[in-house]
Amino acid sequence: MAVTASLSCIRLHNLSPKPQHFPSLSSSSSLSSSFTQNPLQTHLQLRLQPIRSAKSNLPVIQMSMEAGVGVMGTKLGMMSYFEPEGKVVPVAVVGFREGNIVTQVKTEATDGYNAVQVGYRRVEDRKLTKPEMGHLEKAGTIPMRHLQEFRLVAVDGFEPNQKLVFEELFNEGDLVDVSGTTIGKGFQVLRLEPGNWKKMPGRMGGTKTKIRKLKIVKIDNDLRVVMIKGAVPGKPGNLLRITPAKIVGKNIPKN
């Protein structure tokens, strides 16, 4: 029994992993020599090295600049619209629930960038978390389900609890960008590529999409709806984000 125990101890000692000492990356010469000696260890060490910015260790957040403040709406469906000259065009009908109220104004001095946060669609208090309720109560607004930011060049003239009216921001004939979530189609095996079908199994649809430069055909203040020429993402009931169409050099800076 004693001999068997001693042999087991010797085997475990030989199979135990030995500590590995990775070479230092202080200079290019040491890196090249270490890679020549043990390329696997050097590769693992390079993969573990953190990627840092040359100017700062903090991550750089880049956001898309909007041509102007926008609003949120609800897709109601599609229909045909007769223009004054008699031409029939397909339009998407967008309605507006209670909301589109400014909940926060961000400036470069306090947040590092200029933006206006807007809330949409009133809900019951119990459907929001306490931090969300505290944020909205600080702004003095009603409880709302959706909050979105619109990054602008300047935020002069905006203040919390300010109501955004669609007809004051847009006119008939204006071009707008409409963002939303496309209709989910579940798991698909065949996908249509340009010219043929390919076997590309995966989830299809249900992605965020922006349709650019759509024309506002009609604004109906009585029904609180707007008609936009063309199709917009999603099915009836989906949330839509409507902003002025971005034209580089005209309403947004080139850089």
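I started with G77 and found that its bridge partner is V93 in β2. I then looked at the strands around this bridge: β1 (residues 71-82) and β2 (residues 88-95) pair in the antiparallel sense over 8 bridges. Two strands count as paired if DSSP finds at least two bridges between them. Strands (E, at least two residues) and helices (H or I, at least four) are DSSP runs, numbered from the N terminus.

A note on what I am reading: this is a predicted model, where local features need pLDDT of at least 70, side-chain atom pairs count only at pLDDT 80 or more, and totals for chains, interfaces and linings use all residues. Residues are numbered from 1 along each chain as its sequence is written, and side-chain values use heavy atoms, with hydrogens and water left out.

Next I followed the strands onward. In the order β1-β2-β10-β9-β6-β11, 6 strands close into a barrel with antiparallel pairing. Neighbouring strands of this sheet are turned by 50° against each other on average, direction ignored (axes are lines fitted to C-alpha atoms, for helices over the stretch in contact, and angles run from 0 to 180 degrees between N-to-C directions).

Then I turned to helix α5 (residues 130-139). Which of its residues are buried? I found M133, L136 and A139. Buried means under 20% relative accessible area, exposed over 50%, and partly exposed in between (1.4 Å probe, protein chains only). Seen down the axis of α5, the buried residues fall within an arc of 125°, so they line one face of the helix; the arc is that of the directions from the helix axis to the C-beta atoms. On the other side of α5, I noted K130, P131, E137 and K138 as exposed.

My last stop was F158, in the loop between β5 (144-151) and α6. Why does F158 count as partly exposed? Because its relative accessibility is 21%. I also checked F158 against V116: they are 42 residues apart in sequence and 7.6 Å apart in space, C-alpha to C-alpha.
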